[in-house]
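Visitor: Hi! I'm new to this one. Could you show it to me and walk me through a piece of it?

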Amino acid sequence: MNRFEWTSAGAVAAAARLGPVTVAEAMATQSGAPGTAATVLKAGGIDLLDLMKEGLLTPRRIVNLRGIPELGRILEGADGSLRIGSLVTLAQIAEHPLVARRYRALAQAAGLPASPQIRNVATIGGNLLQRPHCWYFRSLHHHCLRKGGATCFAFSGENRYHAVFAHEGCAMVHPSTTAPALVALGARIELLRRDGSRRMVALESLFLTPEEDIRRENDLKPGEILAAIILPPMKPGVRSWYERQGEQDSFDWPVAEVAVVVKLDSPGICREAAVILGAAAPVPYRAKAAESALIGKPSSAGNARDAARAAVAGADPLSGNGYKLPVFEALVARAILHAANQG
Amino acid sequence: MAGNELRPMQYPVGIDPAALGEVERRVSPDEAPPLPPNARLAWIGKAVPRANGHAKVTGSALFTVDRKLPGMLHARLLRSPWPHARVLSLDLDAAARYPGVRAALPIHETVGRAVPLPPPGTSPSTPPARQVLYVGDIVAGVAAATPSAAEAALRLVHVEYQPLPFVADIEGARSGDAPHVFDGPVAGDSHAGGAGGDVPIAQQGNVRGPDRSGSRGNVREGFAQAEIVVEGEFRTQVQTHCCLETHAVVADWEADQLTVYMSTQYTVGVRDELARVFGLPLSRVRVVVDAMGGGFGSKSGAGNYVRAAVALSRQAKAPVRLVLDRREEQLDSGNRPATVQRVRVGARRDGSLSAVSVDSYGTAGVGIGAGVGNFAQSIYSCANFAIAQSDVFINAGPGSAMRGPGNTPGAFAFEQIIDELAERLAIDPLALRDRIDPSAVRRAERRIGAAHSGWSRRHAPGSDAGPVKRGRGVAQSFWGANVQTNSACEVRILRDGSVELLSSVQDIGTGIGTVLAQVVAEELGLRPGDIVVRIGDTDFPAGPPSYGSMTTASITPPARNASHQVLGKLFDAVASALGAAPENLVAVAGRIATADKSRSMSFREAATHLRTERISAVASRSDDYGGFARRFGDLASARNALGGVQFAEVSVDVHTGSVHVERIVAVHDCGRPMNPRQIESQVQGGVLMGLSYALYEERVLDRNTGHVLNADLEYYKIGRSRDVPEIEVIFLENYQGMSATDAYGIAEPANIATAPAIANAVYNAIGVRVRELPMTPAKILSALGRIPQRSGGQ
Amino acid sequence: MTGTITRRDFLKATGAAMTGVAVPAAGLCAAPGEAGQGAGRAGNGSGLLAISLNVNGAERRIEIEAQMTLAEVLRGPLDMTGTKVGCDRGACSACTVWVDRVPVASCMMLAVDVGERKVVTIEGLARGEELHPVQAAFIAHDAMQCGFCTPGLVMSCAALVESKPNPSIEEIKDAISGHLCRCGSYPHVFAAAMDAAKTLKG
């Protein structure tokens with residue numbers, strides 16, 4: 001890792017005044033050499049250190065957000081919403097009783113990535129904003145489109161872990177395993193601007209497809225700081241579930257994951273549905289056809305299967321990842337039934 | 001010692017307790033007397049706790065990466081980012097001038113790879129321009145006062161590369177128009193499990209071979225006699241060793257002495273290699289290893305990086321520490337080569353084999369030896385056997401030996417074909433093996449394993465209802481029982497009654513130090529904790545390597561004989577005090593006593609009678625009492641090879657393609673078991689490495705750019721805690737009356753049978769055979785025909 | 001959609017033209033270019049930061065480079081080499097230590113980021129001569145072979161049994177799911193952790 005100047009921020013506004021740029025901006029260069037000379041923010045620091053150790057990111061200054069009290073809290077709103085500070089760790093979310101009770105899919109998703117050691121440090125903000133884990137993107141020697149090059153190496157290369165949907169231009173899969181659950185649950189995020197003002201947006205709208213911007217995975221604006229994730233109050237009859245599968249059961253990225261939220265009325269008819277696929281596309285991927293297939297119908301095994309089939313109907317697998325489709329299909333059906341049938 | 005005439009002695013023989021008998025061997029009087037079966041011993045065969053366990057659980061164990069010497073420098077290596085390029089120029093000036101840098105050198109070592117043979121008639125005076133042959137090939141090295149200075153200096157090394165065409169996939173490399181990895185014919189050592197090494201073998205383009213050595217009989221006739229023929233093509237992947245302690249060395253070149261602290265499996269081998277390379281007498285090179293963080297075949301020799309460290313130390317006149325990072329480790333510290341095997345077996349209706357043919361090619365990158373070992377050749381009775389093995393060169397880091405080299409990929413293919421044959425013959429796979437396997441030991445192992453694993457509950461392939469299907473499978477191991485006769489140790493008794501054992505043998509985690517303490521304690525009537533075991537240092541008598549599953553077999557007999565001999569000297573010293581002839585004394589329970597126990601004194605008191613401060617005896621490995629089956633210099637193969645049978649129980653989710661191994665029953669033999677708990681640890685480790693090979697591991701090399709895409713422990717996937725099945729380890733006490741301890745190895749047999757046992761269980765679960773490793777969800781779903789055709793697009 | 005890869009793309013990737021320009025550093029693992037080097041040297045102008053670390057109950061004042069990880073500082077300036085580095089990317093957990101009693105990967109935490117938090121390493125687990133029950137159980141069950149991953153595994157198992165009196169085998173597997181033991185000691189580690197939990201409850 002390169003040397004850098006180290007600053008600890010005591011408050012979000014103070015951090016914002018130091019002129020930080022996003023990691024994507026810091027990495028962006030014209031020449032193919034990694035980015036330089038920028039001030040970046042550090043939350044848990046896991047992705048930051050990973051990028052720096054690979055030589056992909058060489059910041060001039062690191063501003064430490066850890067220790068800013070407002071970012072590290074989980075607070076219940078008077079309306080039953082839940083505000084999760086962006087520096088709350090994945091472990092804290094997975095273990096939080098309110099999260100487990102109301103937002104089960106999130107608790108499940110937060111308790112599985114990487115290792116306990118990493119989840120004890122990695123934050124929800126960092127998890128959402130981490131850069132892609134595509135092995136070409138992470139290689140100093142592959143100057144891919146997302147890093148300003150001319151090629152996506154995955155399309156003609158090794159793409160077993162890459163996208164099966166919406167990969168126009170870049171075949172990365174979005175790396176956040178909490179994002180599908182948060183999007184399915186209708187989470188909003190609070191962003192703090194350099195001038196101290198705040199904006200709230202739906203988390204789903206934060207993520208950018210490669211067509212929208214090949215160089216950034218999200219629409220975090222220069223100088224903005226992700227302050228909190230806000231989960232809406234849970235309406236009666238709403239249940240959620242998260243399923244994932246990797247190639248192994250320990251310390252593995254999912255090859256497919258799905259978060260499902262359904263709202264069932266008293267006879268068990270599905271009135272609202274969210275089906276979000278992860279490890280599927282450059283953004284958390286909403287399987288709209290699956291959602292439509294569920295609404296207005298009872299949550300039977302047959303209907304779950306139909307919805308699952310619909311979920312993968314529009315997929316466009318690459319040379320080496322067609323296997324993901326049956327996996328997604330199985331997981332979607334299972335997640336729907338688990339969500340619907342839990343107590 | 002005494003005269004040379006051999007004396008007849010009676011040794012226990014057979015599998016205890018089922019078939020225990022006695023055999024007479026004629027042995028030298030220097031040999032310790034026959035050991036009774038383990039049940040009658042105090043320490044041998046007991047679960048004595050690991051001697052360095054305390055150091056390992058408290059963090060005080062000293063690994064090579066933990067060594068710090070005064071004035072020690074830190075080295076880093078510059079490695080090629082190109083899969084194939086000519087090095088037009090290399091400028092180290094700026095790096096050498098960087099503050100703190102004490103040495104900067106071009107490095108061009110070729111250990112482990114094939115080397116071009118000079119074309120006939122050319123003079124060797126003009127060496128060809130330096131080429132790098134794979135991503136990670138070492139180009140230069142720097143040593144500096146701090147790690148960050150070394151890192152910074154490395155960035156100042158100026159290299160001009162001229163990229164050359166490369167090939168990074170095995171099928172591409174075989175095609176006629178593929179770029180050539182080597183310009184002409186090559187030769188080199190074969191370590192990775194293949195045949196062919198440095199013998200002249202035909203080479204066309206990137207294909208060197210086939211080597212047909214090992215064939216016998218007439219397979220054409222054999223197949224003509226066959227009533228049933230089964231055949232299949234099997235593919236295995238490149239596996240990397242992934243030692244937790246990466247390759248590490250601290251080299252200290254002083255005026256009259258080179259001392260190398262190194263994470264190695266063979267201190268003496270490294271010492272000999274470095275003496276030869278640097279033109280030093282053996283007496284001026286010392287290699288030391290204390291705690292050692294895993295080798296699995298990859299740390300057998302000095303290798304290129306150690307040579308680089310020694311050269312840097314010589315230039316800097318200071319100790320140099322060089323520790324590979326994980327990426328370097330994955331790119332350039334050896335690997336188990338990939339193979340493609342076409343296997344064909346002809347049999348008669350009664351199951352007997354009439355012909356076996358194996359046609360294989362594989363790639364060890366720029367190395368030689370991507371073969372399939374001697375598994376198919378040796379395990380079953382068959383008069384007609386044909387083998388043809390070829391190496392295919394690609395621009396990738398060289399392969400090396402890895403736990404059961406050759407036989408591990410070989411068994412994956414061959415044990416599945418045998419399973420297919422059993423099904424075609426409609427007989428139980430165990431019954432078929434009873435018919436064709438000449439090993440009585442494996443026969444016993446099959447019987448025990450069948451009972452413990454619930455084999456009788458095995459159902460027809462693919463017969464479970466529902467998406468999650470269960471299955472059982474079995475596979476066997478074959479591995480030579482290797483012995484190195486250049487293997488010695490010294491046992492000393494000091495005047496205060498303390499006892500030392502000294503040998504250069506190294507403990508790579510198998511616990512040989514503990515076993516040696518058990519052996520000496522047993523012989524001297526002491527406790528293992530009383531014995532100070534000093535090993536891992538070439539200043540001590542030369543011990544064996546820790547590879548080839550030969551360490552215990554090679555070093556425990558001399559340890560026992562040296563103990564016996566030094567005890568004889570102690571008896572001589574105390575005989576008169578005890579009023580008995582030396583030959584009528586015994587050492588038991590911490591005392592030296594007359595045979596009738598009427599008179600005795602403590603061991604400590606006995607030692608005070610020594611005329612000198614200490615007495616000692618050095619013994620080396622004598623030949624097996626029954627003779628060896630084969631011998632090549634210092635290396636020999638015992639008459640009875642090592643067996644092992646493993647039973648796997650799996651569940652397969654046919655909707656997601658996910659395979660879970662639920663249980664493994666591993667039944668093994670290693671002659672006389674020395675420490676059952678450590679053996680259990682090793683067998684569990686072999687099973688888990690085999691499981692991980694079967695399901696997860698694969699080096700991914702990008703054919704378009706020649707880069708390894710998962711040179712890490714994140715996308716190079718290895719089974720961990722949640723992937724661990726229930727493992728039942730059973731091992732036989734298999735006495736053969738062959739040496740003073742009658743102990744043999746276990747490490748490799750424990751690894752060889754696992755992947756095929758799992759593959760056979762997967763077949764039993766889903767009714768479809770998976771012929772390619774690793775058996776990921778993608779491979780399972782593909783075998784099941786569940787992957788939809790691509791809709792087009794990309 | 002994309003076509004084949006041209007040599008130019010890849011060359012760019014490695015930062016070199018066909019001939020002429022040095023491949024940045026790199027070789028394979030370093031940050032190319034000097035821009036990051038020397039920039040923003042913090043503190044006293046020496047490029048070093050003075051920090052205080054509470055390790056195993058003792059306050060240690062040291063000068064470090066800002067980019068040094070906790071693992072590097074423990075093993076280097078503090079000379080506590082019991083903490084092992086296996087991958088330097090948080091992928092093997094050999095470097096596990098406790099920070100405020102929570103197991104973390106010390107290779108993925110900057111030393112300067114530890115702040116006031118208390119670090120416990122393998123060297124600080126035993127009370128004097130008395131081993132922690134997890135350490136004793138590791139010896140009794142032979143829950144190690146080469147022993148390189150052992151300090152990290154001990155730290156994770158000790159954190160588990162101290163926070164959960166009756167861990168199930170599944171909880172033990174979860175707690176150590178990030179650890180890599182290439183020798184395959186897991187079955188004995190499970191048994192040792194179970195045993196140690198009983199001893200602690202005891």
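This is a predicted model: local features need pLDDT of at least 70, side-chain atom pairs count only at pLDDT 80 or more; totals for chains, interfaces and linings use all residues.

Visitor: OK, what about β8 of chain B: does it pair with β3(B) in the parallel or the antiparallel sense?

Guide: Antiparallel, over six bridges. β8(B) spans residues 138-144, and its Gly141(B) stands opposite Leu77(B).

Visitor: And how many bridges join β3(B) to β17 of chain B?

Guide: Two, and those strands run parallel. β17(B) is made of residues 320-323. There, Arg321(B) stands opposite His74(B).

Visitor: New topic! How many residues of chain B are in contact with chain C?

Guide: 62 residues of chain B, and they meet 60 residues of chain C. β3(B) turns up again here: it supplies at least two residues of that side of chain B, as do other elements including α1, α3 and β9.

Visitor: Which element gives the most?

Guide: That's α16(B), with seven residues. The helix spans 676-695.

Visitor: Last one: what classes of residue does that side of chain B have?

Guide: On the side touching chain C, there are 24 nonpolar, 21 polar and 17 charged residues.

Definitions and conventions: Residues are numbered from 1 along each chain as its sequence is written. Chains are lettered from A and ligands numbered from 1 in the order in which they are written. Two strands pair if DSSP finds at least two bridges between them. Helices (H or I, at least four residues) and strands (E, at least two) are DSSP runs, numbered from the N terminus. Two residues are in contact if their C-beta atoms, placed from the backbone, lie within 7 Å. Ala, Val, Leu, Ile, Met, Phe, Trp, Tyr, Cys and Pro count as nonpolar, Asp, Glu, Lys and Arg as charged, and the others, Gly among them, as polar.
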